[in-house]
Every structure is written in C-alpha cells, then in structure tokens.
Amino acid sequence: MKRVATASFIGTVIEFYDFGIYGTAAALVFPHVFFPALGEAAGTVASFATYGVAFVARPFGSVLFGHFGDRLGRKKSLIATMLLMGIATILVGCMPTANQIGVAAPILIVVLRILQGLAAGGEFAGAVLFSSEHAPKGKRGFWSMFPNFGGGGAITLANATFFTTTLLMSEDTFVNWGWRIPFLASFLLVIVGLWIRLRIAETPVFKNQIAQSGASRIPFLEAFKHQPLQVLLAAGTVMVGFALTYIGGTYLVSYGTAVLELPRTFVLGMAMVGGLSISAGVVLGAVLSDRIGRRWVIVGAASVAVIWALALFPILDIGSHAVFAIGLPVTMFISGIATGPQGAFLSELFHTRYRYTAAGLSYSLAGMLGGGVPPLIAASVIDSLGGFAFGCMLAGVCVISLICVLTVGETRQLDLERTTAEAAV
C-alpha cells in the first residue's frame with residue numbers, strides 16, 4: 001500500500017502541477033500576454049474563461065479515459081493521461097504571444113487548455129481507484145486520500161515555482177518570458193511520473209472483475225443505466241471542495257494582487273501556504289472519514305463552508321496582509337476537509353464494471369460547475385454587485401453539496417467487489 005500510495009501521490013502531484021500552473025499564470029500573466037487589447041478587467045475575465053474551458057472538457061476526458069480504464073485497466077489509462085497533460089503543458093510554455101501572432105495565440109491556448117482538461121478528467125478517478133482498489137476496507141479513506149493529497153502538493157509546487165521565478169527576475173522579464181519556465185520545467189516532472197507509473201501493477205479488484213465477468217462494452221451507458229442518480233448526486237456532493245479550492249487557490253491570487261494591491265510575492269507565498277493547508281485538511285478529513293463516515297465529514301465541512309463563504313470577501317476587503325494571510329489558507333483548509341473523503345466516497349459508490357467512468361464523470365461534472373464557473377464569474381460579480389453578493393453565490397454551491405451528500409447517505413460500509421444490482425441500491 002505504501003508503494004501504491006506513493007505512486008498515486010507523486011503521479012497526481014505532477015499531473016495537477018501541470019494543470020495548476022495554468023491557473024496561476026491566468027491570474028498573473030495571461031491577461032497581459034494573450035489579451036492585451038481588452039484591458040485589465042476584461043483581460044482577466046477572458047483569461048479565466050480560457051482557464052475554465054478545461055473544466056468543460058473534463059467530463060469528456062472522464063468518459064474517454066474512463067472507457068479505456070474500465071475496459072483495459074487503470075494503469076494504461078493513467079499513463080495516457082500523463083502523456084497528454086505533459087505534452088499540452090510544454091506546448092503552452094512554447095506559445096507565441098498575441099503581439100506576435102495576433103488572435104491565433106488565444107485560440108491555440110484554448111485548444112491546449114482543452115487537452116489539459118481531457119487529461120485531468122481521466123486522471124483523478126484512475127489515481128483514486130488505484131489506491132482504493134488496493135486498500136483494506138477499514139483504511140480505505142486514508143489510503144484513498146493520496147491523490148487529493150498530491151493535489152495539495154501540486155498547488156504548493158505550482159505557486160512555489162512562480163514565487164521563485166518572480167524573485168529571480170524583474171516584472172518585465174517575468175511577463176515577457178519568465179512565466180514560461182514553470183511550463184517548460186514540466187518536461188522533467190513528466191519523465192519522472194511516467195517512470196513511476198510504468199512500474200506499478202494493475203489493481204486486484206479490476207483483475208478479479210475481468211476474470212469473473214469480463215469488461216463492460218460501453219461503461220458510460222452502463223453507468224447511466226444502473227446508477228444515473230448517484231452520478232449526479234456524487235457530482236453535487238463534490239462541488240464544495242472544487243469551489244473553495246479554485247476560489248482560494250486561483251481567483252484569490254488575482255484578487256490579492258489586482259484588487260487588494262498586495263505584493264505579488266506575498267500573495268504567491270500565501271498561495272503556497274494554502275497548498276499546505278489543503279493538504280492538512282485532506283489528511284484530517286480522510287482519517288475522520290474512516291472513523292465517523294464519509295457522509296458526516298463532508299456534511300460538517302460543507303456546513304462550515306456556507307458560513308465562511310458569506311464572511312470571506314467582507315473580511316478580505318479590510319485589505320491588510322494579516323487578513324489575507326488568514327483568508328486564503330482557511331478557505332483551502334475547509335476545502336481539504338471536504339475533499340479528504342472524496343476518493344473513498346466515489347470509489348465505494350459505483351460498481352467495478354464502470355467505476356472509472358462513473359467516478360471520473362461525477363468528479364469532472366463537479367469540477368465544471370464548482371471549479372470552473374465561480375472563478376469565471378467572480379471578477380464581474382464582485383465588480384458590479386460586491387464581494388458579499390459573490391459570497392452568497394459561493395454559499396449556494398456549498399448548500400447544494402450539503403443537500404446532495406445527505407441524500408446519498410453513507411458509503412463506508414460498502415464493499416468494492418459487489419454486483420451491479422447491489423451498487424444500484
């Protein structure tokens with residue numbers, strides 16, 4: 001289990017480092033590099049729109065890579081997602097600017113971001129299943145947390161890379177070419193990730209499923225035949241973690257520098273602390289979920305998130321360094337607690353025959369609605385209606401998650417090797 005967990009952790013760190021550095025660049029650089037003609041506010045909205053298209057692509061990636069993951073195995077699909085993510089990320093680092101090739105630059109950026117979204121859509125479910133399908137039942141929450149734990153590490157690593165790059169060069173140099181370094185450095189990380197994933201074996205749960213009843217012909221259709229409501233409720237449950245993660249880890253980086261006018265190095269430093277905070281929350285949430293259940297951990301986190309969402313922007317608008325140093329990490333910590341049980345929760349909810357597809361689709365739908373939409377609309381809503389109004393919208397997302405998890409019920413007692421009929425109950 002230690003070897004499997006290490007492989008899941010490191011692989012997810014690398015994959016979501018690639019996915020995450022785009023968000024940091026979208027907040028700090030891309031409005032100037034790819035949308036200079038639109039001005040500061042409109043350029044930021046356009047930049048986050050290119051960031052958001054990946055979340056639209058993620059459900060399609062879940063279906064695509066889930067299909068092969070459910071038919072050919074988790075390992076092969078995970079290797080494919082890492083290759084696709086790595087190639088797309090390196091090409092972003094090589095992209096000419098709008099001043100060099102005009103409108104073709106943002107168009108190509110959107111295409112590459114879609115490829116990143118497809119890869120991310122196939123990544124999470126495969127990494128989670130690799131851990132959960134190896135894990136003993138009583139410790140499934142703990143062992144299934146490592147992909148999400150890796151996601152927190154990726155946030156820290158992505159912001160640390162930009163933090164270091166910012167310290168070592170001037171503002172003009174950073175905007176001109178320095179921002180490319182984190183993307184190009186991904187090449188070395190992808191090589192390491194592929195080496196690790198090629199050395200791990202297929203999960204015993206999947207191998208037993210293939211040996212006993214063969215693979216599903218069309219996992220997507222089978223999932224919606226047997227468990228359509230669970231797919232939607234699971235997506236609603238997971239939204240709270242996405243919303244807080246991408247507001248805290250992406251939008252607040254832009255908000256801190258552009259609106260609160262805090263130093264870039266300070267904001268990136270707090271984003272690094274936020275990555276550590278979400279990792280701590282993931283561990284706490286996962287361990288608690290093995291003791292009291294997945295349901296009650298997510299219920300508690302979502303309930304706190306509703307209150308925090310309403311208070312967040314009025315607190316941040318005080319504008320001090322100290323307040324920002326509290327606001328961003330606390331947001332990420334609450335997100336981590338909600339995220340900690342998700343790996344086990346999604347694995348336990350669906351049958352092995354279509355688990356990769358169903359879990360990935362639920363997670364990606366949640367990402368599209370909870371992670372893609374709030375950062376996209378945040379700037380315009382706050383600009384026109386104020387931070388509290390946006391906080392109300394964010395609280396609404398948390399309430400939806402609260403209702404969905406209460407409807408789904410507890411999954412801790414379920415066995416991963418069960419019949420389709422049992423899974424549908």
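The lining of the second largest cavity divides into 5 nonpolar residues, 1 polar and 1 charged (Ala, Val, Leu, Ile, Met, Phe, Trp, Tyr, Cys and Pro count as nonpolar, Asp, Glu, Lys and Arg as charged, and the others, Gly among them, as polar). These lining residues are Ala7, Ser8, Leu78, Ala127, Phe130, Arg197 and Ile200. Two or more of them come from each of α1 and α6 (104-132) (helices, H or I of at least four residues, are DSSP runs numbered from the N terminus). The space in this cavity is about 30 Å³.

The model is predicted: local features need pLDDT of at least 70, side-chain atom pairs count only at pLDDT 80 or more, and totals for chains, interfaces and linings use all residues. Residues are numbered from 1 along each chain as its sequence is written, and side-chain values use heavy atoms, with hydrogens and water left out. The mean pLDDT of the chain (the predictor's confidence in each residue, from 0 to 100) is 87, and 98% of residues reach 70 or more. Over residues 419-425 the pLDDT is below 50, yet this stretch has 16 contacts in the model beyond near neighbours in sequence (contact means heavy atoms within 4.5 Å).

The structure holds 2 cavities of 30 Å³ or more. On a 1 Å grid over the protein atoms alone, a cavity is a set of points where a 1.4 Å probe fits but cannot get out, a pocket is an open set with protein on both sides within 12 Å along at least five of seven lines, and lining residues have an atom within 4 Å of a point. The largest cavity has a volume of about 380 Å³. Its lining has 29 residues, with Phe16, Gly151, Ile155, Thr245 and Tyr246 nearest the centre. Helices α1 (2-28), α3, α8 (146-168), α14 and α15 each give two or more residues to this lining, and α8 gives the largest share, 8 residues.

The largest pocket has a volume of about 260 Å³. Of its 13 lining residues, Ala41, Tyr251, Val259, Ala379 and Asp383 lie nearest its centre. Helix α14 gives the most to this lining, with 5 residues.

Gly256 also lies in α14 (residues 228-259). Gly256 is buried, with a relative accessible area of 0% (buried means under 20%, with a 1.4 Å probe and protein chains only). Leaving out residues up to four places away in sequence, Gly256 touches Glu261, Leu262, Val267 and Phe324.

Notes
Buried < 20%, exposed > 50% of the residue type's maximum accessible area, 1.4 Å probe, protein only. Points joined across faces, edges and corners; volume = space filled by probe spheres on them.
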